[in-house]
Amino acid sequence: MHEDKSPIHATPKKYSDKTIKSEVNVEEVVRNAKHKKTPIFSKTNNHQLIKNAIEKVCLPGEVNRKQREEALTELHKLPKKNLIVLFKDAVGTRQDFKALYSLNEEEETAELVYGPKDAYAVLDNTMVKGFYRYNSGAREFRNMPGNKSLSIAVDAVSLKPQLARRKHKLF
C-alpha cells in the first residue's frame with residue numbers, strides 16, 4: 001500500500017456492494033478558506049422571507065395595497081442579495097414599513113432600494129438603534145438584543161430617535 005501525505009486519511013467505508021473512499025486535506029481547506037472573501041458558511045438570500053414579511057406584517061390589507069405592490073415589484077427586480085426592512089418608528093414598537101434596503105456585507109451598509117424621498121440613501125451601523133429577525137411562523141419581527149451590526153442575520157432595523165424624526169414625503 002502506498003503512503004499518503006494528507007493530514008487526515010479515512011479508511012474506505014463499505015455501503016452495500018460499493019466502496020467509498022473519503023479523504024480530507026484539512027490544511028488545504030483552511031488555506032483556501034483564508035483566501036476567499038466570502039464566508040465559509042453563508043445563508044441563502046432572504047428574498048422570500050422579506051416578501052412574506054411585507055405581505056403579512058409590514059404592509060398588510062387593502063389600505064396598503066399600492067405601496068405593497070410597488071415594494072414587491074422592486075424586490076423582484078433585485079439580484080439575489082439580502083434585504084433589510086427599515087421601520088418608521090425609532091424604537092421599533094409598531095414596526096411600520098418605511099423603506100427597503102439591500103445589504104452590502106463587505107462594507108456593513110445597506111443601500112436604499114425602495115422608499116420615500118426622505119429615506120436615507122445608505123444606512124450604516126452607527127445609525128441603527130434596533131436589529132430584528134423575522135420569525136415566519138409567528139409572523140413577527142423579534143428584537144436581536146446582542147446584535148450590533150448589519151449582517152445577513154438581520155431582516156429589519158429601526159433608526160436612532162434623532163435620525164428617525166424627518167418629515168415624511170410621499171413616494
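1. In this predicted model, Val 85 has Ala 156 of strand S11 as its bridge partner, and Leu 86 stands opposite Val 157, again in S11. The two strands, S5 and S11, pair in the parallel sense, with two bridges between them.

2. How many of the five residues of S5 are buried? Five of the five are, so this strand is largely enclosed by the rest of the structure. Both of its faces are covered, with Leu 83, Val 85 and Phe 87 buried on one side and Ile 84 and Leu 86 buried on the other. As a general point, side chains in a regular strand alternate between the two faces of the sheet.

3. The sheet itself is open and mixed in its pairing, and its seven strands follow the order S8-S7-S6-S5-S11-S9-S10. Its edges are formed by S8 (122-124) and S10, each of which pairs on one side only. Averaged over the sheet and with direction ignored, neighbouring strands are turned by 35° against each other.

4. Helix H2 packs on this sheet, where it touches S5, S6, S9 and S10, and its direction makes about 95° with that of S9. Helix H3 also packs on the sheet, touching S5, S6 and strand S7 (109-114), with a direction at about 120° to that of S7.

5. Where a straight helix of 12 residues would span 16 Å at 1.5 Å a residue, H2 (residues 47-58) spans only 14 Å between its end C-alpha atoms, a point that a colleague may wish to inspect in the coordinates.

6. Which residues of H2 are buried? They are His 47, Ile 50, Lys 51, Ala 53, Ile 54 and Cys 58. Because these residues cover an arc of only 160° around the axis, they lie on the same side of H2. An α-helix has 3.6 residues a turn, so residues three or four places apart point the same way. The elements that cover the buried residues of H2 include helix H3 (65-77), strands S5 (83-87), S6 (97-104) and S9 (128-135), and also S10.

7. Asp 155 belongs to the loop between strand S10 (140-143) and strand S11 (156-159). Is this residue buried or exposed? Asp 155 is buried, its relative accessible area being 0%, and its side chain is joined to that of Asn 46 by a polar contact of 3.0 Å.

Definitions and conventions:
Residues are numbered from 1 along each chain as its sequence is written. This is a predicted model: local features need pLDDT of at least 70, side-chain atom pairs count only at pLDDT 80 or more; totals for chains, interfaces and linings use all residues. Side-chain values use heavy atoms; hydrogens and water are left out. Helices (H or I, at least four residues) and strands (E, at least two) are DSSP runs, numbered from the N terminus. Buried means under 20% relative accessible area, exposed over 50%, partly exposed in between (1.4 Å probe, protein chains only). A polar contact is a pair of N or O atoms within 3.5 Å; within protein, one must be able to donate a hydrogen and the other to accept it, and residues adjacent in sequence count only if both atoms are side-chain atoms. The expected span of a helix is 1.5 Å times one less than its number of residues. The arc is that of the directions from the helix axis to the C-beta atoms. Contact means heavy atoms within 4.5 Å. Two strands pair if DSSP finds at least two bridges between them. Axes are lines fitted to C-alpha atoms, for helices over the stretch in contact, and angles run from 0 to 180 degrees between N-to-C directions.
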